[in-house]
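Notebook open, model loaded. I want to go through the charged pairs and then a few helices.

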Amino acid sequence: MSLNRCMYLFSRLQRHISPRTARITAGSCHVPSGVLHKQHQAGSGVCSRHVSSNSSSPKPPDTSLFVPVPLKTDPAVDGSVGAELTQPLDKNQLLKMLNKFYKRKEMQKLASDHGLDARLFHQAFISFRKYVLEMTALPADLHIILSDICFGAGHVDDIYPYFMRHAKQVFPMLDCMEDLRKISDLRHPANWYPEARAIQRKVIFHAGPTNSGKTYHAIQRFLAAKSGVYCGPLKLLAHEIFEKTNTAGVRCDLVTGEERTFTDPEGRAAGHVACTIEMCSVNTPYEVAVIDEIQMIRDLSRGWAWTRALLGLCAEEIHVCGEPAAIDFIREMMFTTGEEVEVHNYERLTPFTILDQAVESLDNLRPGDCIVCFSKNDIYSISRQIEARGLECAVIYGSLPPGTKLSQAKKFNDPDDACKILVATDAIGMGLNLSIRRIIFNSLIKPNINEKGEKQMDTISTSQALQIAGRAGRFSSKFKEGEVTTMHRDDLPVLKEILSQSVDPIETAGLHPTAEQIEMFAYHLPDASLSNLVDIFVSLSQVDGVYFVCNIDDFKFLADMIQHIPLNLRARYVFCTAPINKKQPFVCTSFLKFARQFSRDEPLTFDWVCRHVNWPLALPKNIKDLVHLEAVHDVLDLYLWLSYRFMDMFPDTAMVRKIQQELDETIQEGVLNITRLIRATDSTITDMHGNVGTSSSNNVTGSKGQRGQGVSGVVIDSSLASRLVRDGLLTPDLLRQLQREWEPSHHDKGYRTSGAPW
């Protein structure tokens with residue numbers, strides 16, 4: 001090799017290595033704060049970081065969430081400098097050397113001290129070994145060290161700095177853990193709202209059961225104020241306050257996720273606004289703010305919205321309405337802001353009585369009865385049986401459009417209408433004024449999501465039971481006294497026990513990572529997916545005993561669905577906060593298409609939407625058609641929701657809203673004929689032998705042993721097949737195919753399989 005060639009190689013090598021005793025830094029991260037120190041071990045050093053702790057040492061991260069980042073290698077940087085300075089490496093010798101390094105307990109301990117637990121150490125080593133053995137040209141410094149070890153001029157421990165450099169490239173979060181912990185520190189959420197902290201707010205808690213007038217008194221102060229905001233849990237409640245306020249002669253705007261209605265023809269904001277709680281502004285100053293149903297601050301999914309409103313609203317007076325069980329907790333929260341809480345207690349305006357007898361048969365129904373179910377299948381089955389007895393009934397459940405719910409409520413409330421019976425889910429618990437004489441619980445078992453995000457069946461809580469039972473005998477209805485009972489005899493003592501208990505006091509409030517916090521996380525972890533960013537955020541987050549991080553499964557579900565679509569982080573975050581029903585395949589497919597079209601920078605026009613939903617749509621012929629129309633309504637809701645966040649890309653809001661109103665009317669007509677639709681849905685309400693599937697309500701006069709231990713729904717709802725279909729793990733078509741294959745070999749053995757649920 002010529003002298004000039006040697007000089008050239010050494011000049012290129014200089015930026016990678018220094019003399020043999022040099023200390024080699026194992027990677028770096030942008031560090032705005034924190035202390036770096038070097039730890040010398042076996043002739044090498046590694047950059048590390050002190051983790052600051054305030055009141056307590058931070059919890060160790062959940063390293064199962066650390067996803068390895070694919071390395072972007074550029075062998076052309078060094079070319080074959082290392083091989084030219086030494087000689088090519090023998091792969092067999094390298095493999096033995098690397099495996100020896102892996103087994104060194106001292107190296108495992110040293111790596112553990114710098115954030116690599118056993119799991120990460122193994123993953124990083126596998127990646128490092130693959131990198132060393134498969135790269136055609138290694139970095140010169142690493143090549144020389146490996147060559148020295150192979151020829152006995154170095155120790156296997158000398159690999160450690162290079163291994164750590166590789167590990168921090170594969171797991172970049174290791175090098176900036178303190179910064180990540182600071183970003184995810186949620187122990188002082190009151191400090192997130194400096195505008196609210198800059199004023200001394202007066203907090204008035206209106207406490208009482210349902211139908212006690214607590215919200216009425218708060219709204220009276222809202223109407224008398226120069227400016228105000230009403231924050232409710234449902235669109236229907238926001239609409240109701242919007243209409244009542246304008247009827248009272250006070251100009252009021254409406255803001256929900258999918259709608260903006262301004263009373264001023266030129267679009268200027270009114271002094272008052274009624275909104276869903278997620279949509280309230282924490283930057284606009286008001287004289288009075290009303291936060292309704294404050295007990296929902298502990299809701300596992302939506303509690304963060306009540307926390308944000310309570311801590312962040314810039315109002316001179318904050319009027320909070322809700323259960324007395326929340327009083328002490330709200331006081332404790334307000335201690336952190338230095339604000340006192342004034343409590344006004346209210347008693348129920350009209351009494352309700354728990355009856356000593358269950359209804360037991362649909363033949364015993366009376367005008368003004370409301371049968372409450374926790375399954376849409378029960379809704380369908382019971383309404384069919386009621387109309388088979390020559391009675392008309394109204395139907396209300398959660399997935400119906402707001403207009404359809406209101407039309408069904410109006411039909412039930414109308415004294416001149418023949419409809420005197422209501423069949424509903426607990427969707428009636430808030431947001432609808434109904435003239436109910438008697439609440440009848442068809443079941444006391446309701447599906448819910450626990451703290452771990454797992455679906456489970458459980459007996460309703462005292463708070464839920466009181467919320468539903470309180471709909472009987474409303475002050476504004478024609479029934480001044482209410483009655484509460486159950487459909488089944490053995491449920492009645494359970495209901496009495498539930499209602500006799502006091503409501504569990506509220507002890508925690510929900511929080512949710514903001515877009516800004518996730519963006520700061522992404523700055524440090526640019527290669528992580530949004531779902532993984534949120535997982536790591538929650539894993540590292542620190543909250544005090546007053547708060548918890550809300551369930552983010554729906555957010556992660558949407559994030560994973562569109563991960564492959566090229567979107568900037570802020571747009572991706574907004575898309576993933578969209579309120580959609582992930583159980584509806586058509587809605588999920590539409591969400592995916594919306595995101596893909598958006599990513600192409602192609603506006604989603606009215607014509608595009610109409611083609612997607614096959615507009616115009618015909619009247620439903622069966623329940624399947626009705627469910628599809630409900631899904632299309634949700635898709636149009638999604639369009640409207642996105643249109644207020646990306647106006648340029650979703651430009652045809654007015655036209656989409658118009659066809660949504662037409663669709664609402666179509667669904668209303670379908671619900672009016674729901675019994676006929678149920679009869680037409682033979683494949684979904686009959687089993688494979690042609691027998692009608694029985695629900696818990698079908699057996700009100702039969703033996704209680706057939707009721708599936710009180711779990712509501714069609715018989716198949718208590719079977720494994722139904723749960724698989726309901727959870728989306730099995731399609732109805734595949735279930736029917738399995739049933740056809742199952743029948744010949746099991747029919748003579750007495751096995752029976754029900755048809756697929758809706």
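Predicted model: local features only at pLDDT ≥ 70, side-chain atom pairs only at ≥ 80, totals over all residues.

**Entry 1: a buried pair**

I started with Arg201 and Glu339, whose side chains meet in a salt bridge at 2.9 Å, N to O. Arg201 sits in the loop between α9 (194–197) and β3 (202–207) and Glu339 in the loop between α13 (327–335) and β10 (341–345), so the pair ties together parts 138 residues apart in sequence. My cut-off for a salt bridge is a side-chain nitrogen of Lys or Arg within 4 Å of a carboxyl oxygen of Asp or Glu. Are the two partners buried or exposed? Arg201 is buried at 2% relative accessible area, and Glu339 is buried at 3%. Buried here means under 20% relative accessible area, exposed over 50% and partly exposed in between, with a 1.4 Å probe and protein chains only.

Residues are numbered from 1 along each chain as its sequence is written, and side-chain values use heavy atoms, with hydrogens and water left out.

**Entry 2: other salt bridges**

I looked up the total: the structure holds 33 salt bridges. Next I checked Arg570 and Glu519, whose closest N and O atoms are 3.0 Å apart. Arg570 belongs to helix α21 and Glu519 to helix α18 (residues 515–524), so this pair ties together parts 51 residues apart in sequence. Arg570 counts as partly exposed at 34% relative accessibility, and Glu519 is partly exposed at 30%.

Then came Asp554 with Lys582, again a salt bridge, with the closest N and O atoms 3.0 Å apart. Asp554 lies in helix α20 and Lys582 in the loop between α21 and α22, so parts 28 residues apart in sequence are tied together. Asp554 is partly exposed at 44%, and Lys582 is partly exposed at 35%. I also found a network of salt bridges that links Arg104, Glu106 and Asp157.

**Entry 3: helix α22**

I moved on to α22, residues 585–599. This helix has 15 residues and reaches 21 Å from first C-alpha to last, close to the 21 Å expected at 1.5 Å a residue; the expected span is 1.5 Å times one less than the number of residues. Helices (H or I, at least four residues) and strands (E, at least two) are DSSP runs numbered from the N terminus.

Which residues of α22 are buried? They are Val587, Cys588, Ser590, Phe591, Phe594, Ala595, Gln597 and Phe598. The cover over them includes α20 (553–561), α21 (569–576), α23 (606–613) and α24 (623–643). Just after α22, Asp601 takes a positive phi of about 60°.

**Entry 4: α3 against α6**

I checked how α3 (residues 91–103) and α6 (residues 140–150) cross: their axes come within 11 Å, at roughly 90°. That makes α3 roughly perpendicular to α6, a label for angles of 65 to 115 degrees. Gln93, Leu94 and Met97 of α3 make the contact with Leu146, Ile149 and Cys150 of α6, contact meaning heavy atoms within 4.5 Å. These residues divide into five nonpolar, one polar and no charged.

**Entry 5: whole chain**

The chain comes to 29 helices and 20 strands, and 52% of its 758 residues count as buried. Among contacts between residues at least 6 apart in sequence, 74% join residues at least 24 apart.

Technical notes: Axes fitted to C-alpha atoms, helices over the stretch in contact; angles between N-to-C directions. Parallel < 35°, antiparallel > 145°, perpendicular 65-115°, else oblique. Nonpolar A, V, L, I, M, F, W, Y, C, P; charged D, E, K, R; others polar.
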